[in-house]
Amino acid sequence: MAKQLPDVGSGDAVPPPRRARIVLAEITRQDTRAERTRAELAQQTQVGEALVRGLVRAQLALALRLSLVVVIGLGGLPWLFAIAPSLGRTTVAGVNLPWLLLGVASFPFLIGVGWAYVRLAERNEQDFTDLVQRPER
């Protein structure tokens, strides 16, 4: 069955479809603090350079602190054995204690320091990212 169209000349006029008005206007967007900071970083302004310099300093300070832990932890062992020679002659399971500490125990120590460095460096970077993306208050 075909649909019947209304008679144009008859009194039953079909109302025209409603028109929707769509306006595409420029929406003015306020620059937020985070967007300005990102722009300053991208454009390498003095403020952006200061922010990046702060991140680099934080990462350098972290690396130096953990390097000091390694130097004291591993570098202090020869001093310990020089100060206490009887400790240097001690054997554990047939292996001299200095060989056991420097040859075996040093690797888990270094892995732990490396893990701590990565974790703390990522936290520094996340803090930097949060600072850059923080909305204006």
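Colleague: Let's start with Ala-105: is it buried, partly exposed or exposed?

Modeller: Ala-105 is partly exposed, because its relative accessible area is 35%. Buried means under 20% relative accessible area, exposed over 50%, and partly exposed in between, with a 1.4 Å probe and protein chains only.

Colleague: Before I go on, what kind of model is this, and how are residues numbered?

Modeller: This is a predicted model, where local features need pLDDT of at least 70, side-chain atom pairs count only at pLDDT 80 or more, and totals for chains, interfaces and linings use all residues. Residues are numbered from 1 along each chain as its sequence is written, and side-chain values use heavy atoms, with hydrogens and water left out.

Colleague: OK. Which helix holds Ala-105?

Modeller: Ala-105 lies in helix H4. Helices (H or I, at least four residues) and strands (E, at least two) are DSSP runs, numbered from the N terminus. The C-alpha atom of Ala-105 is separated by 9.9 Å from that of Leu-74, 31 residues away along the chain.

Colleague: What about Ser-106, buried or exposed?

Modeller: Ser-106 counts as buried because its relative accessible area is 6%. Ser-106 is in helix H4 too, and touches Leu-74 and Leu-101, if you skip residues up to four places away in sequence. Contact here means heavy atoms within 4.5 Å.

Colleague: Where does H4 bend?

Modeller: H4 bends by about 45° at Ser-106, with a proline, Pro-108, following within four residues. The bend is the angle between axes fitted to the seven residues ending at a residue and the seven starting there.

Colleague: And how far apart are the ends of H4?

Modeller: The end C-alpha atoms of H4 (residues 97–133) are 52 Å apart.

Colleague: Which other H4 residues are buried?

Modeller: The buried ones in H4 include Leu-97, Pro-98, Val-113, Ala-116, Ala-121, Phe-128 and Val-132.

Colleague: Which residues does UniProt list as "transmembrane region"?

Modeller: The unreviewed UniProt entry lists residues 62–85 and 97–118. UniProt positions are in the numbering used here, feature names are shortened, and annotations may be inferred rather than shown by experiment. In the model, residues 62–85 are 96% helix and 0% strand, with end C-alpha atoms 34 Å apart. Residues 97–118 are 100% helix and 0% strand, with end C-alpha atoms 30 Å apart.

Colleague: Last one: how many helices and strands are there?

Modeller: The protein chain has 4 helices and 2 strands, in the order α-α-α-β-β-α along the sequence. Of its 137 residues, 13% count as buried.

Note on methods. The expected span of a helix is 1.5 Å times one less than its number of residues.
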